[in-house]
Amino acid sequence: MNGGALHVHQASVGELQTAASTVLAPLAVTAVAGPGAEGHGKAFRADIDAAAVGRAAVARVRGSAHLVRRSARAISSTDPELLKITLHGSPEPAAVDQGGTRSHAHRGDFVVLDMTRPYRLAAPDGCDVMAVGISRAELGPHATAVAGRAGRRLPADSGAQAVFSGFLRGLGTHLDELAGPAQAHVGDALVSLLIAAFTGTAPGRADMATELVDRIRVYALANISDPSLCVESVAAAHGISGRQLHRLFGRSGTPFVAWLRAERLGRVRRDLLDPAHDSRTTAAVAARWGIHDPRHLARGLKTHYGRTARELRRDR
């Protein structure tokens, strides 16, 4: 979703389908015959709260039993490559099936669903589900590891999973209270905690190429204010060629230059939304993050966020 919050209370099953498809991607939602379902003395109803949090979409759905399906027919090559992470709080387990991988998500379990492939999720009556929709590009080299868990339950009873679970539950009750720089900072925390929860790797087992990409990202972010930062300088600092760096980042799905541009623009946007930086000119804010070309800045903000620097400051 592009921004703002969405709240639909006492929604019909059709309204739930529309909301879920708007927040994520086209989905089919149907009521499930059972206690509390339509035709059994109680009409279908659901409460939906959703908002953009940083560059992710977060939603909480509570209500009657229903079936969510992402069919092959609904999947288009133009759809964004999204991953959907669900946290289940229902008293009864939800049934999940993606690509033949089946599981039952109990209260406190996470389940990853790959929106580029068909899946089926049956939510029980009295469902309470938190869902995060995030693009593979946002997760960088970790996207493959997260997507590899599709359809499998992950208990959130300890470690990073428990921390992420608590974070999401708190977020679900305060979606209306996030705006401006707070929303951007919380979005960064969400991505970091998600990666920590889903990509834990035993010592000595990590893929060497992934480790190198991670080191390169850390190096680039530590030097992000340097306008001379480029493929050649970063590659040289890590003893590899520019061609090797391109190949490493190509495996992650986002070229290094595109990743660095997005990181810089994201930080510029965050500062423009933060009143603490009102005394700085837009040029000074951009220079803080290594962008010194006003035309590059203007094009980038318009392309990534649909607004100019002046509009970001005006509309926060």
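This is a predicted model: local features need pLDDT of at least 70, side-chain atom pairs count only at pLDDT 80 or more; totals for chains, interfaces and linings use all residues.

Reader: Is Gly172 buried or exposed, and at what relative accessibility?
Author: The cut-off for buried is under 20% relative accessible area. Gly172 falls below that cut-off, so it counts as buried, with a relative accessibility of 11%.

Reader: Which residues is Gly172 in contact with, leaving aside neighbours within four places in sequence?
Author: Contact here means heavy atoms within 4.5 Å. With neighbours within four places in sequence set aside, the contacts of Gly172 are Arg60 and Met130.

Reader: How many Å apart in space are Gly172 and Ala258?
Author: In sequence, Gly172 and Ala258 are separated by 86 residues. From C-alpha to C-alpha, the distance between Gly172 and Ala258 is 31 Å.

Reader: What span should helix α4 have, and what is the distance between its end C-alpha atoms?
Author: Helix α4 covers residues 159–172, which is 14 residues. The expected span is 1.5 Å times one less than the number of residues, so α4 should span 20 Å. The model agrees, with the end C-alpha atoms apart by 20 Å.

Reader: Within what arc do the buried residues of α4 fall?
Author: The buried residues of α4 are Gln161, Phe164, Ser165, Leu168, Leu171 and Gly172. Looking down the axis of α4, these buried residues line one face of the helix, because they fall within an arc of 130°.

Reader: Which residues does Ser165 contact beyond its neighbours within four places in sequence?
Author: Ser165 is another residue of helix α4, and at 8% relative accessibility it counts as buried. Leaving aside neighbours within four places in sequence, Ser165 is in contact with Leu87, Phe110 and Ala156.

Reader: Let's turn to α1. Within what arc do its buried residues fall?
Author: Helix α1 runs over residues 13–23, and its buried residues are Val13, Leu16, Ala19, Ala20 and Val23. They line one face of α1, because down the helix axis they fall within an arc of 120°.

Reader: Which strands are included in what covers the buried residues of α1?
Author: The cover is described through contacts, that is, heavy atoms within 4.5 Å. For the buried residues of α1, the cover includes β1 (5–11), β2 (28–31), β3 (46–53), β4 (56–63) and β5 (66–70).

Reader: How many salt bridges does a search of the whole structure find?
Author: Side chains of opposite charge can pair when their charged atoms come close. A search of the whole structure for such salt bridges finds twelve.

Reader: How far apart are the closest N and O atoms of Glu263 and Arg267?
Author: Both residues lie in helix α9 (residues 256–273), four residues apart, about one turn of the helix. Glu263 counts as buried at 16% relative accessibility, and Arg267 counts as buried at 17%. In their salt bridge, the closest N and O atoms of Glu263 and Arg267 are apart by 2.5 Å.

Reader: Finally, what is the mean pLDDT of the chain?
Author: Some stretches call for care: pLDDT stays under 50 over residues 35–41 and also over residues 201–206. Across the chain, 92% of residues reach 70 or more, and the mean pLDDT is 86.

Definitions and conventions:
Residues are numbered from 1 along each chain as its sequence is written. Side-chain values use heavy atoms; hydrogens and water are left out. Helices (H or I, at least four residues) and strands (E, at least two) are DSSP runs, numbered from the N terminus. Buried means under 20% relative accessible area, exposed over 50%, partly exposed in between (1.4 Å probe, protein chains only). The arc is that of the directions from the helix axis to the C-beta atoms. pLDDT is the predictor's confidence in each residue, from 0 to 100. A salt bridge is a side-chain nitrogen of Lys or Arg within 4 Å of a carboxyl oxygen of Asp or Glu.
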